[in-house]
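Visitor: Please take me through one part of this structure closely, beginning with the contacts between charged side chains. I am new to it and would welcome one connected account.

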Amino acid sequence: MSHERLSGLDALRGIAALCVVGLHANAVYSQTLPTWFTKGYLGVDFFLMLSGYLMARITEPRLASGLTAASFIKARYLRFWKVVALSSLVGIPYLWWRTQHDPAWFAGAFAANMVFLPFPADNVLFPLNVPVWTILAELLANALHVTILWRLRTAWLGGLVLLAGLATIAAAIDYGSLDVGARPGNWTYAPPRILLAYGLGILLWRCGLSGRAPRLPAALVLVAMPLAMLASWHSGYRAWPFDLAFVVALCPLVILGALHITAGNALTRLSADLSFPLFAVHVPALELAKHLGFAAPYGLALAFVLAWAILWWTKPGAQRMEPLKH
């Protein structure tokens, strides 16, 4: 049961990635695009929760059967690195402009980014490719999972997640939102945010909620996240309680609701496959397009074309020839 294709979750991956793309497209083209997805950063919390859920569902049984933490972390790092490295190369021209042609600053930021290490500069942790902070967060959460969290009894894990939730509320009240982690000035607020979303994902599986998932209309499940973000923008309500409700209520609901969506097709598979390359490459692509003088639609088109190319290049040979085939 743990290894079947989860078509609803495949579709949600792509939808969450598009929400994050919307956030950064507005940031890069702030003078020309509407601020519809100012809450797009909450797509990160969805990805963390989904990662925790799938790790508990698929990887914990493999750990119990003999998979070592070291081998998993190595394979995970290499999988992430291939996509991030190719994506970040796109940002080299922008990084050269951003560093004002300073060779030492450029070399340090580039080298750090390529091994997933922060290089605080210009008010971001990863000047070459800002979303890499999220990829590092997931990698660290996965490493914590396979070394410690999978051994914790569910009650102890629930207590840890509760503490993370309380710390997240305190951080959200202090900072004003959950848009934390990407900048030197707010990265200290990120650990409880990461652990809350990721830990809730583990608990969704551990507590047997998958078998009691609510049956909701498929269309509602798929549009719930972007619809909630648009409602926040339209109403003007963007305070931290919205962020918290999105993470602890809406994200679990859409993950569980998506488990009833079983009619997969080439589009849902592509949504899953393309989501990570798109997430990794879209900011460098948008920044490059803008600094070359191209408007937002061209920057977005470039992001999708590059994501497809990276997907094709990083797939194993047989899959590379037929990227849409199940």
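Guide: The structure holds seven salt bridges, a salt bridge being a side-chain nitrogen of Lys or Arg within 4 Å of a carboxyl oxygen of Asp or Glu. This is a predicted model, in which local features need pLDDT of at least 70 and side-chain atom pairs count only at pLDDT 80 or more, while totals for chains, interfaces and linings use all residues. Residues are numbered from 1 along each chain as its sequence is written, and side-chain values use heavy atoms, with hydrogens and water left out.

One of these bridges joins the side chains of Asp273 and Arg269, at 3.4 Å from N to O. These two residues stand four apart in helix H11, so about one helical turn separates them. Helices here are DSSP runs (H or I, at least four residues), numbered from the N terminus. Asp273 is buried, with a relative accessible area of 15%, and Arg269 is buried at 11%; buried means under 20% relative accessible area, with a 1.4 Å probe and protein chains only.

Asp273 also meets the side chain of Lys315 in a salt bridge (3.4 Å, N to O). This pair links distant parts of the chain, 42 residues apart: Lys315 belongs to the loop between helix H12 (296–314) and helix H13 (317–321), and Asp273 to helix H11. Lys315 is buried, as is Asp273.

H11 covers residues 266–291, and its 26 residues should span 38 Å at 1.5 Å a residue; the end C-alpha atoms are 35 Å apart, which agrees. The expected span is 1.5 Å times one less than the number of residues. Of the 26 residues of H11, 22 are buried, so the helix is largely enclosed by the rest of the structure.

At the start of H11, a side-chain oxygen of Asn265 comes to within 2.9 Å of the backbone nitrogen of Leu267. Further along, a kink of about 45° lies at Val281, shortly before the proline Pro284; the bend is the angle between axes fitted to the seven residues ending at a residue and the seven starting there. Just after H11, Gly293 takes a positive phi of about 90°.

Key. Buried < 20%, exposed > 50% of the residue type's maximum accessible area, 1.4 Å probe, protein only. Polar contact = N/O pair within 3.5 Å; in protein donor to acceptor, adjacent residues only side chain to side chain.
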